[in-house]
Amino acid sequence: MNDEVLLELSGVGKRYPRVHRRRDRWSSILDAIAGRPYRLSTSVLSDIGFTLKRGESLGLIGENGAGKSTLLRMICGVAEPSEGRIMRRGSVAPLLELGAGFHPDYSGRDNIRMNALLLGMPGADFEAKVQQIIDFAEIGAYIDEPVKHYSSGMKVRLGFAVVASARPDLLITDEVLAVGDESFQKKCVAWIEGYLRDGGTLLLVSHGMYHVQKLCKHALWLNGGRIEAYGDVFDVTQRYLAYQEAKSARRRAEERAHAQSGDYAVASVAINGESKDVPTVMPMRATLDVDATLYSADGRAPVFAVGIKRQDGTPVYGISSELDAIEPLRQSEHDFRFSIRYPDLALLPGTYTVALHAMDPEAIRLFDTVERSLVVTGRSREVGLVQLPHRWHTP
Amino acid sequence: MNSLQLALALLARDLRERYLSTFAGFAWVLLTPVLLLAIFSFVFVQLLGARFGSRVGGDVIAFLALGLWSWHAFADAVARGTGALAANSSLIAQIALPRVWLVLVPVLGAVIIQTVSLTLVVVLLLATGKATLGPGWALALLAYVELLGIGIALALLLAPLNVFFRDVSALLPQVLTFWMMLTPIFFDRAQLKPAFAEWLLLNPVTPLIETLRNGILDGATPAAPLLVPGLVALGLLLLAWRVSPRFLARIEDFL
């Protein structure tokens with residue numbers, strides 16, 4: 001790796017003009033003609049600065065609306081920064097929207113030629129690569145059919161294949177790994193890994209921390225149009241995930257408070273004695289204890305329902321206090337305690353979810369749900385969800 | 001270098017697109033003028049018995065054809081250029097490319113096709129003895145260049161404006177039709193009341209069409225002045241050159 005800087009941003013900001021009201025639109029257009037900053041504008045990004053050297057890989061993370069796509073568009077030269085400076089060196093291939101610029105009436109072959117030129121690839125170089133592109137995209141004989149007859153997956157594959165054949169100095173991708181079928185996604189990831197091994201430089205936007213950690217050495221976390229964190233990929237992604245977790249915990253707490261001010265709610269939960277929201281790990285055929293305290297605003301005893309489901313949502317078993325005609329233990333005017341034990345739990349090894357619900361005393365409406373993760377361990381080659389009692393008849 | 005290659009590819013695509021999925025394909029470039037001339041001779045000569053000054057019969061067709069084809073080159077360039085940015089908004093938002101090409105390419109496409117048509121008309125007129133070779137041809141060429149200059153400048157100015165206000169492309173056909181009516185294409189200015197004929201000279205296209213037509217038909221150098229429309233073309237091109245890049249750089253903000 002050498003120290004050649006391929007991309008350098010300093011103090012970059014972006015303000016979009018306000019255009020919805022007719023008067024604002026006029027004012028913004030006059031500003032555009034005069035070449036001065038918009039008087040009426042909304043700031044989307046401010047004070048963004050980082051450098052990307054040849055051979056480096058940077059993951060851009062952040063919530064929706066944080067400004068990731070706007071930043072990429074400015075880096076690709078599609079949008080103009082309102083302030084600051086962007087310096088680019090070498091060839092850049094943007095994978096913003098795969099197949100952008102494809103013309104529906106033209107054949108795949110005509111379109112890849114055009115796409116290559118739009119991406120700034122020299123024509124002579126490119127002709128030699130056409131077959132390679134067709135093979136990579138797995139398009140086959142369809143290549144001479146008009147693109148309007150292609151499936152969306154085929155268009156995406158073709159778009160990626162063109163960029164892959166270009167082997168740009170800097171590859172910029174925006175959530176492209178989220179489209180296309182799984183096998184092609186794997187192929188794309190494998191290609192990007194190979195590209196990085198060969199000294200390629202990558203700027204990746206993704207919501208999937210898995211891809212960011214797998215492909216990038218550094219990460220930049222954008223929050224509300226500003227840099228929240230920038231550095232080693234694991235440090236930044238962990239901080240981001242912690243922030244996300246805290247945020248969703250806050251949201252859950254708010255929902256709980258909201259529910260409790262209302263009718264019936266799950267106030268507290270303990271799985272095998274653990275009341276924190278952490279996965280419960282237990283061996284197969286062990287005992288599972290579920291305790292829950294339900295809140296009732298009107299002081300009538302609510303119905304408690306508890307279910308176990310597979311991670312994909314397949315229900316395994318569900319039961320309620322109403323079905324078994326169980327009365328809870330009244331702890332205070334509004335709090336009711338339920339306790340249920342599953343001795344000798346027959347779930348096969350795997351990850352499950354325990355869902356706990358608070359229902360009204362009539363067992364008609366569901367008011368609140370809390371879920372906990374349950375991991376059953378063990379060495380078993382049996383297939384399915386549960387171990388059913390069985391007996392073989394031998395001669 | 002790549003940018004030029006891209007422009008040429010876009011131009012080739014634009015030309016193909018015009019005739020894509022037509023049976024006759026590029027033959028339309030030749031068919032259109034031949035068919036239109038046939039219709040003109042039927043309507044204007046056979047049915048209406050039109051005459052422009054001393055011109056009757058085939059001379060009327062020659063008169064109409066030259067005016068109309070030059071106008072077509074101008075109007076087609078303005079109309080196609082004006083709609084170009086709005087039509088390519090997804091491309092603009094996705095790919096960094098010299099945006100001015102997106103306007104110039106359809107303009108050039110229109111100019112190429114209409115110029116081929118016009119050339120064909122001129123060859124037909126020459127072959128049938130309606131046109132006379134002479135020094136007027138040089139001025140006719142200059143007039144045509146000025147006409148296209150005004151067209152290209154207007155397209156460059158209107159295309160970004162049309163992104164901000166789509167009203168521009170909605171209004172353009174009517175404006176162009178009205179403009180055409182105020183241009184001596186279907187009439188001879190000499191036949192109008194003198195006061196009105198003078199007024200029509202305020203339209204910069206008027207002297208251009210007249211110079212072009214008279215130059216080719218009579219081969220003579222006509223009196224219509226080319227300086228004013230030339231200055232108009234130059235002024236508009238300068239304005240477009242100054243203003244359009246600013247427009248184009250920020251156009252993504254308004255898409």
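Trainee: How many helices and strands are there in chain A?
Mentor: Chain A has 9 helices and 18 strands. Keep in mind that this is a predicted model.

Trainee: And chain B, how many helices and strands?
Mentor: Chain B has 10 helices and 0 strands. Its pattern along the sequence reads α-α-α-α-α-α-α-α-α-α.

Trainee: What radius of gyration does chain B have, against a compact globule?
Mentor: Chain B comes out at 19 Å. The rule for a compact globule of 255 residues gives a value near 18 Å, so the two agree.

Trainee: What about chain A and its radius of gyration?
Mentor: Chain A has 28 Å. A compact globule of 395 residues would be near 21 Å.

Trainee: What box do the C-alpha atoms of chain A fill?
Mentor: Roughly 80 × 70 × 45 Å along the principal axes. For the C-alpha atoms of chain B, the box is roughly 60 × 45 × 35 Å.

Trainee: How much of each chain counts as buried?
Mentor: In chain A, 46% of the 395 residues count as buried. In chain B, 50% of the 255 residues do.

Trainee: Charges next. How many positive and negative side chains does chain A have?
Mentor: Chain A has 48 positive and 50 negative side chains. The centres of those two sets lie 4 Å apart.

Trainee: How far apart are the mean positions of the charges in chain B?
Mentor: They are 2 Å apart. That is for 15 positive and 12 negative charges.

Trainee: What share of the contacts in chain A joins residues at least 24 apart?
Mentor: It is 70%, counting contacts between residues at least 6 apart in sequence. For chain B, residues 24 or more positions apart account for 76% of the contacts with a separation of 6 or more.

Trainee: On to the interface. How many residues are in contact?
Mentor: On the chain A side, 38 residues. They are in contact with 28 residues of chain B.

Trainee: How much area do chain A and chain B bury between them?
Mentor: About 3000 Å², of which 57% is on carbon and sulfur atoms.

Trainee: Which residues in chain A lose the most area to chain B?
Mentor: A:V78, A:Y106 and A:L118. Together they make up 21% of what the chain A side buries.

Trainee: Backbone now. What is the phi of A:N272?
Mentor: Positive, about 50°, although A:N272 is not a glycine. Most residues other than glycine have a negative phi.

Trainee: Where is A:N272 found?
Mentor: In the loop of chain A between β10 (264-271) and β11 (280-283). A:N272 counts as partly exposed because its relative accessibility is 33%.

Trainee: Switching to A:S206. Buried or exposed?
Mentor: A:S206 is buried, since its relative accessible area is 5% and the cut-off is under 20%. The residue is found in the loop between β7 (201-205) and α8 (209-215) of chain A.

Trainee: What does A:S206 touch?
Mentor: Leaving out residues up to four places away in sequence, A:S206 touches A:L60, A:I61, A:E175, A:H211 and A:V212.

Trainee: Where is A:Y295?
Mentor: In strand β12 of chain A, residues 288-296. A:Y295 counts as buried because 19% relative accessibility falls under the 20% cut-off.

Trainee: How far is A:Y295 from A:I192 in space?
Mentor: 52 Å, C-alpha to C-alpha. In sequence, A:Y295 and A:I192 are 103 residues apart.

Trainee: Last one. What about A:T369, where is its place?
Mentor: Strand β18 of chain A, residues 366-377. A:T369 counts as partly exposed at 32% relative accessibility. A:T369 and A:A305 are 9.4 Å apart, C-alpha to C-alpha, and 64 residues apart in sequence.

Key: Residues are numbered from 1 along each chain as its sequence is written. Chains are lettered from A and ligands numbered from 1 in the order in which they are written. Side-chain values use heavy atoms; hydrogens and water are left out. Helices (H or I, at least four residues) and strands (E, at least two) are DSSP runs, numbered from the N terminus. The radius of gyration is taken over C-alpha atoms; the globule rule is 2.2 Å times the number of residues to the power 0.38. Buried means under 20% relative accessible area, exposed over 50%, partly exposed in between (1.4 Å probe, protein chains only). Contact means heavy atoms within 4.5 Å. Lys and Arg count as positive and Asp and Glu as negative; His and the chain ends are not counted. The place of a charge is taken as NZ of Lys, CZ of Arg, CG of Asp or CD of Glu. Buried area is the accessible area (1.4 Å probe) that two parts lose on being put together, summed over both.
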